[in-house]
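User: Please take a close look at one part of this chain, and then relate that part to the rest of the model in a connected account.

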Amino acid sequence: MMASIKGVPICKACCATNNNHRHCYYYSKQIGLSESGSRNLLNLRVQNKWECRLGGVLTKTQTATTPVEENDKPSVDGNGETQITEARGFHRDLQSLPSEDFTLVVVFPLWPTFHLVGPLSAIDLSSSLSDGSKVRVAYQGLPGAYSEAAALKAYPKCETVPCDEFEAVFKAVELWLHIVGEVQLVVNHCLLGLPGVRKEELKRVLSHPQALDQCEMTLNKLGVTKVSTNDSAGAAQITAAERVRDTGAIASVRAAEIYGLDVLAERIQDDTDNITRFLILAREPIIPGSDRPHKTSIVFSLEEGPGVLFKALAVFALRNINLSKIESRPQRYRPLRIVDDSNKGSAKYFDYLFYVDFEASMAEPRAQYALAHLQEIAKFLRVLGCYPIDTTL
Ligand SMILES: O=C(O)C(=O)Cc1ccccc1
């Protein structure tokens, strides 16, 4: 179960060091490692399953992090787009849902390039069929949202659960959700309107901000006002409910069918190959296999100094590990709450957080060694998940 780098044992399942790690009995059993070797790591048993307390946090003294409260939900966004919220007829947020109500949560724009899907536990995964027959998947938005399509691509027979609030999930992700999969989805945006309306009649168009951005050229050509909504299907629903001829929505063909709208134009995005990456989140990490190519997502912060990022990235280059994504986010004014074993949090400021995806599985020694090496350089390091690469596109 434990590898050791420079005398510091690290857990192969979640990469935590022995010092701050006590949850891996459950995983060690699943990956076929000896019970005796890992028994000393165990301290929690919850409802017949071993609970992961650390969630893959790699840090010298801390065990979990969550962003400190922010009130950053403007009603007018930075692009001058107005924001409206669709009618509520579905779950308000994921944390208010009983956990048995869903096994996965799907999708919302976390970073510009991808969306999230979560939470499904290892237990749920093992009891479900690969088509998702027994899986309930929560996603942000109304039926017909692209997030729902992503969920159905990953688990064709899953039951999808619409949700309108992902704020809570953002926080939960930091504490106990793991990335267990990714979905690459071709997103073809359609312009929808009331039956019989021509696109030239439209004066305003509603959609998710990302959809509005991706269709900027078409919308500018039409000379319409852009109005942002929580999700594209919500935009379609509002358009249908308001019954105003000069209002349209950008959403999917399926949304047009569900809300009784006409498709005025198809594939209206600026980039013909419009692919969005969605992530699947779970309460517990999956046991990474070695049967198919895997990817690992991490987040870390660095001390300031010359060449620190170069050194940090070299840990992967030295082991021939390909990076598929690197993104930095300023964090100076947004503290992370670091929670220790006593469950008391303290706010810590990091100047930048680096989000990196690398193409190796945590089951591979080269990935474990790379992370152990990175831990020597990083102020804070956390494994967000290890999951099979979606190669379907
Ligand atoms: O609004 C939706 O339906 C979503 O799922 C978010 C989204 C928006 C634009 C592209 C991909 C996903």
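Why does Ala 363 count as partly exposed?

Analyst: The model is a predicted one. Ala 363 counts as partly exposed because 17 C-beta neighbours lie inside 10 Å, whereas a buried residue needs 20 or more and an exposed residue has 12 or fewer. Ala 363 is placed in the loop that runs between strand E23 (352-358) and helix H11 (365-377).

The chain is divided into domain 1 (2-67 + 287-388), domain 2 (86-187 + 275-280) and domain 3 (190-265). The contact takes 12 residues from domain 2 and 16 residues from domain 3. On the domain 2 side that touches domain 3 there are seven nonpolar, three polar and two charged residues.

The ligand also involves these two domains: domain 2 and domain 3 each give at least three residues to its shell. In total, 15 residues surround the ligand, and the closest are Ala 145, Tyr 146, His 208, Asp 231 and Ser 232. The shell comprises seven nonpolar, seven polar and one charged residues. At least two shell residues come from each of strand E8 (104-111), helix H4 (146-154), helix H6 (209-214) and helix H8 (232-242). Of these elements, H4 is mostly covered, with seven of its nine residues buried; among them are Tyr 146, Ser 147 and Glu 148.

Note on methods
Residues numbered from 1 in each chain as written. Predicted model: local features only at pLDDT ≥ 70, side-chain atom pairs only at ≥ 80, totals over all residues. Near = placed C-beta within 6 Å. Helix = DSSP H or I, 4+ residues; strand = E, 2+ residues; numbered from the N terminus. Nonpolar A, V, L, I, M, F, W, Y, C, P; charged D, E, K, R; others polar. Domains from an automatic or database assignment. Contact = placed C-beta atoms within 7 Å.
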